[in-house]
Each structure stands twice: as structure tokens, then as C-alpha cells.
Amino acid sequence: MKIEAITLRELQMPLVHFFETSFGRTYTRRVLLLTLHCDGLEGWGECVAGEGPFYSEEYIEGAWDVITRYLANVLIGKTLHAGREVPALLSRVRGNPMAKAALENAVWDAEAQEKQLPLWKLLGGSRREITCGVSIGIQDSHEQLLQKIETERAAGYQRIKVKVKPGWDVEVLEKIRAHWPEILLSCDANSAYTLADEQHLKSFDRFKLLMIEQPLWSDDFYFHARLQKHVETALCLDEAIRTARDAEAALELGACRIINIKVGRVGGFSEALAIHNVAERFDIPVWCGGMLESGVGRVHNVALSTLPNFKLPGDVSASKRYWKEDIIEPEVEVSPKGAISVSDKAGRGYDLRPHLIEKLTVRQQTLK
Ligand code: OSB
Ligand code: MG
């Protein structure tokens with residue numbers, strides 16, 4: 001396929017409910033969508049960068065800039081056969097994995113259409129159904145959080161993850177366990193603690209959590225390894241794992257027993273697959289994280305989650321948890337048992353809603 005042009009769009013999508021982590025609260029997602037125009041096909045990709053540089057260094061303005069200034073022009077005019085070819089082409093630009101992932105994944109999206117294969121099969125997936133958990137942000141009150149957990153449990157979700165930070169942790173976990181002693185429960189700190197909190201984090205052991213996600217610094221393996229020796233609960237790394245090399249280093253050090261793979265954080269499907277394979281070699285389960293994606297990123301997450309070592313429920317949940325209306329047709333739906341079934345349709349398996357996309361778009365630029 002020849003890449004003739006690339007369109008960037010910024011969509012502003014108000015969340016059904018605000019989402020708060022240890023680094024801040026989001027009310028409206030600013031979504032950067034890319035469309036690759038190639039031989040009559042359209043490949044779509046989503047850049048999951050945040051509104052500000054708080055989860056990682058990347059943010060929407062920076063991603064827009066690096067794509068338009070340095071990345072898109074490398075692909076425009078080229079004839080590509082596979083998404084796998086993209087990382088090498090973009091490697092001259094350092095870092096910026098979320099910007100690169102939007103481009104690479106759009107190529108995979110087009111490749112699946114061209115080869116008339118479901119994207120999940122092209123990626124090497126084997127599951128017909130993926131299991132879902134939810135990530136629940138910090139709320140205004142404990143009662144609100146418990147109410148939300150009740151709602152998500154009733155909807156069938158198989159694992160509850162709650163965001164924690166100093167001051168919103170043990171008391172919260174205590175109350176959750178008092179209501180639901182047996183549920184699959186984990187917490188995510190988004191780097192809110194330091195080694196000075198070692199004893200405090202050890203006290204989480206009594207809650208029998210499935211994992212504690214990214215308790216320490218976003219760029220660290222060494223001190224996570226030290227912490228993992230001290231606590232019984234499995235640690236899971238999110239922010240710190242950017243490459244398959246990172247995964248290998250972290251696992252050799254014993255920095256975690258579980259890995260969260262986010263296709264945006266790691267620069268695209270190729271690196272996500274490589275991390276999946278490293279973890280499998282170490283007999284470490286992975287699961288698919290989320291970044292409050294619109295339908296485009298969400299269905300790419302669904303496809304990735306069909307790989308065999310995605311053995312734990314992911315943060316990939318129904319469109320309606322995030323949006324009044326999602327930009328895909330059909331929307332991503334979760335069964336009462338907490339699962340999403342994958343379709344046998346070629347490509348991403350979901351159509352786009354062009355009128356809604358147009359309505360939500362606040363800026364647009366096409367590069368030729
Ligand atoms: O750390 O997993 C995270 C959302 C934004 C930034 C970071 C994270 C999250 C989530 C939400 O936990 C996952 C989702 O529901 O998309
Ligand atoms: Mg996380």
C-alpha cells in the first residue's frame with residue numbers, strides 16, 4: 001500500500017464521569033486521531049498522549065508537533081507492506097512512543113484490511129473472547145467509590161482496579177474488602193510512593209490484592225526490585241516498561257511479577273508483541289492497559305488482548321463507561337459475564353461514525 005496522505009484530527013470528547021489518578025483529574029479527553037490514506041484504504045490510529053505531560057512526557061500538543069514535523073513525512077509517499085516495517089523507519093526520532101504508535105497502528109489497521117484478515121489474527125491472537133476489568137479513579141468520597149464498584153460488579157466486570165495515592169489507600173482498600181472479601185482486586189499508584197513508604201506498601205499485603213501497579217518512580221526497575229523482595233503482593237509495572245529490553249531488564253532484576261502492556265506507551269503493536277513474548281519467556285502474565293481511548297484505540301486494544309499471554313483481565317472495558325456516544329459502530333460492548341467477543345470481520349472489525357467524528361473534531365490537518 002502506498003501512503004498518499006495522512007490526516008490528523010483532534011477530537012474533544014467529554015467523559016461520562018471524570019477520571020482521577022494520583023497525577024490529576026480529566027473531564028474531557030482531547031483525542032488525536034490519525035488517518036492514513038492509501039490506495040483507497042483508510043488506516044486509523046489513535047495517539048493516547050494525555051492532555052498534559054503527567055502520565056509520561058508526551059502530551060497532545062507535543063505529539064501533534066512531532067508527527068507533523070518529523071514523523072509523518074517519513075511515511076508519506078512510501079509503499080509499505082506491513083505494520084512491522086514502521087518502527088525501523090521512525091527510529092531516527094528518539095522517544096515519542098505514543099506519537100509513533102498512532103502511525104504504526106494505523107498501518108496495521110490498513111494492512112489487516114488489505115490482507116482481508118481480522119486485525120487480531122494478523123497480530124497472532126488466538127482468543128475468541130477477552131476478559132475485562134475496570135479501572136476506577138479517585139472519587140470525591142469513599143461512598144461514591146463503593147457505589148461505583150457495586151455498579152461495575154453488577155455489569156459483570158471480572159476485576160476491579162482502584163487508583164490509590166497517599167491519603168487515598170488503606171482506608172479505601174479496607175472498606176472495599178469489608179464489602180467484597182473475595183473479589184479480584186488491584187490498585188494502581190501511578191508512581192505516587194517512594195521507598196520511604198516501603199512499610200506502608202507492605203501493609204497492603206493484608207488486602208490480598210492481585211497486584212500493586214507502578215507504586216514507585218515511573219522510570220525505575222531497581223527500587224521496584226527491592227520493594228518486590230519486601231512485599232508479598234505481586235508488583236506490576238506500567239509506566240516503567242517502554243520496550244522489550246525494559247521488560248527483560250525488569251524481569252531479570254525481579255522488579256515485577258506482572259506487566260501491563262499499553263500499545264501507546266510502548267510505541268505500537270510491534271513493540272507490544274515483543275514485550276508480550278519476553279514476558280511469556282519469563283512465565284510472567286501480561287494484561288492490556290488503557291488510556292481512556294476512543295473507539296479507535298479501544299478496538300486496537302481488544303485485538304491485542306487476544307494474544308495468548310494476555311492471561312489477566314485488562315482495563316479494556318465498554319465504550320459506554322467513557323462516552324455518551326463512541327465514534328465506532330458498533331460500540332465496544334461487554335457481556336454480563338465481563339467479556340468482549342472478537343469478530344471475524346476483516347480489519348479492525350468495527351466501522352467508524354464519520355458524522356460524529358466530524359462533529360467532535362476541533363482541528364484537522366492533512367499532510368501530503
Ligand atoms: O495508569 O493505567 C493507568 C488512565 C489514564 C492514564 C493512566 C492510566 C489510566 C487508567 C485507565 O487506569 C484505564 C482505562 O480505563 O482506559
Ligand atoms: Mg497504570
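Reader: Is asparagine 190 buried or exposed?

Author: A residue is called buried under 20% relative accessible area, exposed over 50%, and partly exposed in between (1.4 Å probe, protein chains only). Asparagine 190 has 7% relative accessibility and therefore counts as buried. This is a predicted model, in which local features need pLDDT of at least 70, side-chain atom pairs count only at pLDDT 80 or more, and totals for chains, interfaces and linings use all residues. Residues are numbered from 1 along each chain as its sequence is written, chains are lettered from A and ligands numbered from 1 in the order in which they are written, and side-chain values use heavy atoms, with hydrogens and water left out.

Reader: Which residues does a cis peptide bond join?

Author: The bond joins glutamate 329 and proline 330, with omega about -10 degrees. Proline 330 lies in the loop between β12 (328-329) and β13 (339-341).

Reader: How does one read the surroundings of a ligand?

Author: One begins with the residues near it, that is, those with a heavy atom within 4 Å. Around ligand 1 there are 16 residues, of which Ser135, Asn190, Lys262, Leu292 and Tyr322 come nearest. Next come polar contacts, here pairs of N or O atoms within 3.5 Å. An oxygen atom of ligand 1 lies 2.9 Å from a polar backbone atom of leucine 292, and a polar side-chain atom of lysine 161 is 3.2 Å from an oxygen atom of the ligand.

Reader: Which residues of helix α8 are buried?

Author: An α-helix has 3.6 residues a turn, so residues three or four places apart point the same way. In α8 (residues 222-230), the buried residues are His224, Ala225, Leu227 and Gln228. Viewed down the axis, they fall within an arc of 165 degrees (taken from the directions from the helix axis to the C-beta atoms), so they line one face of α8.

Note on methods
Helices (H or I, at least four residues) and strands (E, at least two) are DSSP runs, numbered from the N terminus. A polar contact is a pair of N or O atoms within 3.5 Å; within protein, one must be able to donate a hydrogen and the other to accept it, and residues adjacent in sequence count only if both atoms are side-chain atoms.
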